[in-house]
Amino acid sequence: MTDSFFDLALQEAKYAYDRDEVPVGAVIVCNEQVLVKTHNRKQAQKDGLAHAELLAIQEAQNSLNDWRLTECDIYVTLEPCVMCMGAIFHARFRRLIYGTPDYKWGGESLFNMLSEPKLNHHLDFTCLESSESAQLLTSFFKQKRQKQKKKNSC
C-alpha cells in the first residue's frame with residue numbers, strides 16, 4: 001500500500017506545482033486509511049509556515065482530536081526541513097516515508113535528526129529516492145529561474 005499513499009503525495013505535489021507553489025505534497029495515513037492529504041501553500045496563504053507537513057499535521061490532529069499521532073505514518077515527496085522534522089517528532093509519528101533527500105534544508109541530510117539517539121522519540125523512516133519527486137522539484141525551480149532571467153533581461 002506504500003506506493004499508493006506516496007502516489008497521493010505526488011498528486012498533491014503536482015497540485016502545488018500547478019498553483020506556483022514549491023511542489024511538495026504530504027499524506028497522513030492512520031490504520032491504512034488516508035486521514036489527510038495536502039500540499040505546500042506558502043504563496044497562497046502568504047505564510048512561511050504553510051509547509052505541506054505542518055498543514056497536514058494540524059489537520060490530522062484536529063481530525064483525531066489528539067496531538068499525538070502515534071498510530072500514523074506521514075508520506076512526503078521531499079525530505080522534511082528541520083522545522084517540519086521537529087513537528088513530526090513532536091506529533092510522535094510512527095513512520096516517515098519521503099521521496100527525495102533535501103541537501104539544503106533536510107532534517108536528516110543536514111543534521112541526522114532521524115538518527116539522533118538523544119531525542120526522546122524515534123520513528124522508522126524510509127527515503128524512496130523517487131525520481132519523479134526529484135524531477136518535479138528540478139522542473140519547478142528551472143522554470144522559476146527562466147522566468148526570473150526573462151524578467152531581468154527586460
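Predicted model: local features only at pLDDT ≥ 70, side-chain atom pairs only at ≥ 80, totals over all residues.
Just after helix 4, R92 takes a positive phi of about 65 degrees.

Two packed helices are described by the angle between their axes and the distance between the axes. For helix 3 (residues 52-64) and helix 4 (residues 82-90), the axes come within 9 Å and cross at roughly 25 degrees. An angle under 35 degrees counts as roughly parallel, so helix 3 is roughly parallel to helix 4. The crossing in which helix 3 passes helix 4 is left-handed. On the helix 3 side, E53, L54 and I57 take part, and they meet M83, C84, A87 and I88 of helix 4. Sorted by class, this contact holds 6 nonpolar residues, 1 charged residue and no polar ones.

Which residues of helix 4 are buried? They are C84, M85, G86, A87, I88 and F89. Their cover comes from several elements, including helix 3, strand 3 (72-78), strand 4 (95-100) and helix 5 (107-111).

Is P80 buried or exposed? Its relative accessibility is 0%, and residues under 20% count as buried, so P80 is buried. Beyond its neighbours within four places in sequence, P80 is in contact with E53, M85, I88, L96, Y98, W105, G106 and G107. Among these partners, E53 also takes part in the meeting of helix 3 with helix 4, as does I88. By contrast, P80 and E32 lie 22 Å apart in space, C-alpha to C-alpha, and 48 residues apart in sequence.

Conventions: Residues numbered from 1 in each chain as written. Heavy atoms only, no water. Axes fitted to C-alpha atoms, helices over the stretch in contact; angles between N-to-C directions. Helix = DSSP H or I, 4+ residues; strand = E, 2+ residues; numbered from the N terminus. Parallel < 35°, antiparallel > 145°, perpendicular 65-115°, else oblique. Left-handed = near helix turned anticlockwise from the far one by under 90°. Contact = heavy atoms within 4.5 Å. Nonpolar A, V, L, I, M, F, W, Y, C, P; charged D, E, K, R; others polar. Buried < 20%, exposed > 50% of the residue type's maximum accessible area, 1.4 Å probe, protein only.
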